[in-house]
Amino acid sequence: MHDELVDHLTRSTPLNRGEALRVVQDVLAYFDETTEEYVRRRHRELQAQGLVNATIFERIAADLKYRAVAPPELSLRQLRRIVYG
């Protein structure tokens, strides 16, 4: 899975195939986190830095705008409709 991306990374960086695959898997795992998991984790991290809730929640709200969002799971019929209308 994601062979094209791994191939691209091996061509455009000094990473070998195993390292590129590990990077892709790490990035995908990072963005696989649900919104709720992300909010809880970031809240804990920012609290540990000594920030107060008002600042924490403002920062999280701003950060959420830049999170990758996975598309909803599509049925085969929905996929066909995307292709054929």
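Q: Which residue forms a salt bridge with Glu45, and how far apart are the closest N and O atoms?

A: Side chains of opposite charge can pair when their charged atoms come close. Here the term salt bridge requires a side-chain nitrogen of Lys or Arg within 4 Å of a carboxyl oxygen of Asp or Glu. Glu45 pairs with Arg41, the closest N and O atoms being 2.8 Å apart. This is a predicted model, where local features need pLDDT of at least 70 and side-chain atom pairs count only at pLDDT 80 or more, while totals for chains, interfaces and linings use all residues. Residues are numbered from 1 along each chain as its sequence is written, and side-chain values use heavy atoms, with hydrogens and water left out.

Q: Where do Glu45 and Arg41 lie?

A: Both sit in helix 3, four residues apart, about one turn of the helix. Helices are DSSP runs of H or I with at least four residues, strands are E runs of at least two, and numbering starts at the N terminus.

Q: Which residues form a salt bridge with Glu33?

A: Arg41 is one partner, with the closest N and O atoms 2.8 Å apart. Arg67 is another, at 3.6 Å. The Arg67 pair links distant parts of the chain, 34 residues apart. Arg67 is in the loop between helix 4 and helix 5, and Glu33 is in the loop between helix 2 (17-31) and helix 3 (35-48). Arg67 is buried too, with a relative accessible area of 14%.

Q: How many salt bridges are there, and which residues are linked in a network?

A: The count comes to seven. Glu33, Arg41, Arg42, Glu45, Asp63 and Arg67 are linked in a network of these bridges.

Q: What pattern does the chain follow?

A: Read along the sequence, it runs α-α-α-α-α. That gives five helices and zero strands. The radius of gyration is 18 Å, well over the 12 Å of the globule rule for 85 residues, so the chain is more spread out than a compact globule. The radius is taken over C-alpha atoms, and the rule is 2.2 Å times the number of residues to the power 0.38. The C-alpha trace spans about 50 × 40 × 15 Å along its principal axes. Of the 85 residues, 15% count as buried.

Q: Which domains does the assignment give?

A: Domain bounds come from an automatic or database domain assignment. Here they are domain 1 (1-32) and domain 2 (35-84). Their centres, taken over C-alpha atoms, are 22 Å apart.

Q: Which residues form the nonpolar surface patch?

A: A patch takes residues with over 30% relative accessible area and no salt bridge; like charges are joined within 9 Å, and nonpolar side chains (Val, Leu, Ile, Met, Phe, Trp, Tyr) within 5 Å. Leu74, Leu76, Leu79, Ile82, Val83 and Tyr84 qualify, with about 680 Å² of accessible area together. Areas come from the Shrake-Rupley method with a 1.4 Å probe; for residues, only the protein chains shown count as cover.

Q: Where does Leu74 lie, and what is it in contact with?

A: Leu74 is in the loop between helix 4 (53-64) and helix 5. Leaving aside neighbours within four places in sequence, Leu74 is in contact (heavy atoms within 4.5 Å) with Leu79 and Ile82. Leu74 is partly exposed, at 36%. Tyr84 lies in helix 5 (residues 76-84) and is exposed, at 71%.

Note on methods
Buried < 20%, exposed > 50% of the residue type's maximum accessible area, 1.4 Å probe, protein only.
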